[in-house]
Amino acid sequence: MKKEQYLEVTTTHKQSSTNTADCEEEEEDIQWSDDETTTTVTAPEFPEFNSKVQEAINFLGGNVFPKLNWSAPRDANWIALNNSLQCQNLRDIFLLFKSSDFIAHDFTQPFLQCSDDSPDPEISYELVLRKWSELIPGGEFRCFVKENKLIGISQRDYTQYYQHIYKQKDDICSSILDFFEEHVQYKFLDEDFVLDVYRDSWGKVWVIDLNPFGAVTDSLLYTWEELTSGHNLMTDETEGDPAQQDVPAFRHTTSEVTVQPSPCLSYRIPRDFVDLSTGEDAYKLIDFLKLQKSQQEESDEDA
Ligand SMILES: Nc1ncnc2c1ncn2[C@@H]1O[C@H](COP(=O)(O)OP(=O)(O)OP(=O)(O)O)[C@@H](O)[C@H]1O
Ligand SMILES: [Mg+2]
């Protein structure tokens, strides 16, 4: 794979060696007050790690996309001030990681659904920083590779209808297939895997990520049953046409009627809470204040 076509990890920082020291530091930072009912906890600081990360961020141009070994905190962008995963410093990264169920999953059950009997390997956790890149969601595609053959491509942001995908589907499909055959096929350790790619507005294809071929990876517009069995992958048009046999199936959202809410919405805080904190819904705020007032009056009466 050519280096310039790989939009990938530029900096990796191994954390494992600092873990023990960091824990000790954290314990020392708890300051017990004389008053038994209150405890003051000072947030731990990691000056050395912080400056290493900052150096890496600066090297990557000042804006980065953070990941842990497997996952990005995609479910936590709502908590960031910029509503995005773009980070400028370690504080931004910590906030996203602490708010993300996907990151918690990497820490607590990374081998969920692994079926072999071997004991779980020792994990060395790594913070992965990628140079930030403004990606257009309509340019992202997920490619399903079985026995080193590209069997299916799906629009990644399947909740939206993109007219350009509908219009250029043949071009998109063939540019991804060419890229796969030239740069990826037979070069990955496994013969079954899922490859995420980005096709930019000039038609150039970039690798975004590689994922396991199985239920831990979202099958998007396919079902895992279809992908593992190979049934139903072809449309009525392509089925039985020998010229289409080596062309992967291509699925995209076909009409605006099927547009769905973002899959990560369920990870956010309740809508009411957001409306109250921003004052966006004035009626909700008035109801909330009235409720507070009546509760206050009730407790005054009780006293
Ligand atoms: N360098 C980058 N700059 C900006 N956004 C990025 C960058 N890399 C990835 N993204 C965005 O973040 C999304 C998730 O990235 P990625 O696929 O690496 O995370 P993941 O946790 O492995 O996701 P999944 O669980 O779906 O496999 C991508 O679809 C893309 O929209
Ligand atoms: Mg992934």
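A residue is called buried when its relative accessible area is under 20%, exposed when over 50%, and partly exposed in between, using a 1.4 Å probe and protein chains only. By that criterion N211 is buried, at 14% relative accessibility. This is a predicted model, in which local features need pLDDT of at least 70 and side-chain atom pairs count only at pLDDT 80 or more, whereas totals for chains, interfaces and linings use all residues. Side-chain values use heavy atoms, with hydrogens and water left out.

**Metal site**
- The magnesium ion (ligand 2) is coordinated by D209 through OD and by N211 through OD1, at 2.0 to 2.1 Å; donors are N, O and S atoms within 2.8 Å of the metal (3.2 Å for Na, K and Ca), and sites may look incomplete because water is not among the atoms.
- D209 is buried, with a relative accessible area of 17%.

**Aromatic residues**
- Nine aromatic pairs are present, a pair being two rings of Phe, Tyr or Trp (its six-membered ring) whose centres lie within 6.5 Å, with planes under 30 degrees apart counted as stacked, over 60 as edge-to-face and the rest as tilted.
- F65 and W132 form a tilted pair, 6.3 Å centre to centre with 40° between the planes.
- F65 is buried at 19% relative accessibility, while W132 is partly exposed at 22%.
- One aromatic cluster is formed by F144, F213, Y222 and W224.

**Nonpolar cores**
- In the largest nonpolar core, which has 22 residues, V53, I93, L127 and L129 touch the most other members; such a core is a set of buried Ala, Val, Leu, Ile, Met, Phe, Trp, Tyr and Cys residues joined through side-chain atoms within 4.5 Å.
- Another core, of 20 residues, lies apart from it and includes V145, I176, V184 and F193.

Notes: Residues are numbered from 1 along each chain as its sequence is written. Chains are lettered from A and ligands numbered from 1 in the order in which they are written.
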